[in-house]
Amino acid sequence: MDLQKSYSISSSIILQTIDDESLLMDEDTQHFYELNSSGVSFWNILKKYNKLSDSFNEILEYFDVSKEQLENDFNIFISNLEDQGIIKINETT
Amino acid sequence: MKPPNLIYDLLIECCKVTFDEKKLNILLSSFENWDNLFYSANKHGILPLVYKKLKNEKLSIPEEVLQNLKNLYILIAKQNMTISADLTKTIKLFKENNINAIALKGPTLSQLNYNDITLRQYGDLDILVDKSSLYDAAKLLMNKNYKMNYPIEYTKNTKHLLLRKDLQLKNYDKNLLIELHWKFLDNIVLDINHDFFNLTQAISINNEVINTFKNENLLLYLCIHGSKHFWERLEWIVDVDRLIRNNKIDWRSVQEQANSSQVNRMFYMGLLIIRSLFNTPLPESIQNEITKYKVIHIVNKDILEYLYDDIIHTKENAHLPQSAINKINMLLNDNYNDKTMKFKMAYNFRINQTDLFKINLPNYLSSLYYIFPLVRLIKKAFKRLQ
């Protein structure tokens with residue numbers, strides 16, 4: 001995944017915290033996406049930025065993991081959100 | 001006095017704001033009837049509260065049971081999120097069309113009492129609008145795929161508006177019901193457009209400002225609603241308890257309104273029942289008032305017995321017979337006097353909602369609707385004679 005790309009979060013997404021997990025709901029499609037505690041942290045950081053590299057770098061500081069391992073997890077997370085229509089990766093950087 | 005029952009005692013304990021670890025562990029020590037507990041909790045609208053209480057790590061609950069309970073709670077949370085999203089969309093739609101709307105119960109009450117839309121159970125939306133806006137509000141919803149079960153023209157029939165208290169619109173694709181109200185406490189038509197800001201407080205749900213009643217009006221509304229339905233859901237009792245505990249109440253104002261609206265018995269009924277079950281703190285002046293109404297203490301005993309029986313027998317879809325509810329409503333009516341036949345006659349000689357749908361009479365012929373209760377009374381008299 002090209003971390004230099006920018007992204008936008010759909011305006012129809014609602015977050016609801018349940019214990020240490022969260023539910024994301026798309027108001028338009030009424031699809032749900034469950035986030036575990038790590039996912040919630042990822043999500044909160046994603047909301048702060050609009051460039052993948054900025055989010056990635058902050059998450060790397062936050063979690064005590066290697067860059068390679070995080071790249072893998074981050075790619076999966078972003079791909080899942082993109083598949084659900086929760087975020088949109090912009091083609092231009 | 002009823003014998004102790006584990007399911008009943010557990011549910012009541014879960015509804016309390018206090019966490020009594022010792023008592024809960026005693027109740028849970030030999031408890032196995034989880035399916036019935038979950039069933040009753042769901043039926044009484046308190047499953048989220050049961051989950052929140054029982055998930056405490058100081059309690060001994062099998063992991064599998066807790067996971068099942070959590071899964072049920074998440075299903076409720078998802079439903080609530082869907083309904084809340086529809087509420088914010090509806091309110092936004094009304095605002096764009098200059099319709100003042102007051103959201104009742106549902107997500108707004110959950111947000112007000114718990115700061116969390118997932119901790120109450122609700123299946124529909126109740127929205128109060130000014131009578132003059134009813135037609136437009138209904139029309140807007142119909143354009144959004146909501147259907148009414150009778151022609152929209154009825155919303156302009158004066159008798160209809162006088163005798164009915166709500167309008168039901170359903171979106172069958174989303175399986176969501178919206179009840180549009182135009183009366184407060186079933187019989188008071190408020191000038192919502194004129195008094196909107198005096199009547200309401202603003203709450204934020206999903207970053208949208210939603211207006212609901214101020215605490216005092218809400219308290220009165222919840223007490224009247226619960227009393228009219230015999231407090232047959234524990235959730236309604238918890239609603240009043242939490243509203244009082246978690247929000248500021250101007251007691252003098254709510255007492256004045258209960259008095260001027262002649263709903264004292266129903267109001268104090270609500271306060272008595274929360275005190276009986278949850279020992280809700282109430283000002284001394286209120287406690288003194290409660291003691292003055294003898295009839296509510298009799299009804300309170302019946303309500304608690306009914307709740308107990310309903311929970312321990314886990315009767316599916318069981319409701320109190322309408323005749324029993326009617327009797328309770330008469331006893332809790334401030335104007336009821338068992339020496340006065342006049343009240344009973346007026347009560348029996350009233351037009352009901354079904355009568356209005358038999359024929360849509362123009363306003364100048366609306367008195368003819370009284371033929372229906374007259375026919376009913378005659379039929380009843382004949383049956384008795386036979």
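Buried means under 20% relative accessible area, exposed over 50% and partly exposed in between, with a 1.4 Å probe and protein chains only. The model is predicted: local features need pLDDT of at least 70, side-chain atom pairs count only at pLDDT 80 or more, and totals for chains, interfaces and linings use all residues. Residues are numbered from 1 along each chain as its sequence is written, chains are lettered from A and ligands numbered from 1 in the order in which they are written, and side-chain values use heavy atoms, with hydrogens and water left out.

**View 1. Aromatic pair A:F42 and A:F77.** Both A:F42 and A:F77 are buried. Helices (H or I, at least four residues) and strands (E, at least two) are DSSP runs, numbered from the N terminus. Ring pairs join A:F42 and A:F77 with A:F56, A:Y62, A:F63 and A:F74 in a cluster.

**View 2. Aromatic pair B:Y8 and B:Y308.** The geometry is edge-to-face, with 5.1 Å centre to centre and 65° between the planes. B:Y8 lies in helix α1 (residues 6–15) of chain B and B:Y308 in helix α15 (residues 294–313) of chain B, 300 residues apart. Both B:Y8 and B:Y308 are buried.

**View 3. B:K156 over the ring of B:Y135.** The charged end of B:K156 is 3.9 Å from the ring centre of B:Y135. A charge sits over a ring if NZ of Lys or CZ of Arg is within 6 Å of the ring centre and within 35 degrees of the ring normal.

**View 4. Surroundings of B:T200.** B:T200 is in strand β6 (residues 200–205) of chain B and is buried, with a relative accessible area of 6%. A polar atom of the B:T200 side chain lies 2.7 Å from the backbone oxygen of B:F196. The side chains of B:T200 and B:N211 are joined by a polar contact of 3.4 Å (N or O atoms within 3.5 Å; within protein, one must be able to donate a hydrogen and the other to accept it, and residues adjacent in sequence count only if both atoms are side-chain atoms).

Note on methods
Rings of Phe, Tyr and Trp (its six-membered ring) pair if their centres lie within 6.5 Å; planes under 30 degrees apart count as stacked, over 60 as edge-to-face and the rest as tilted.
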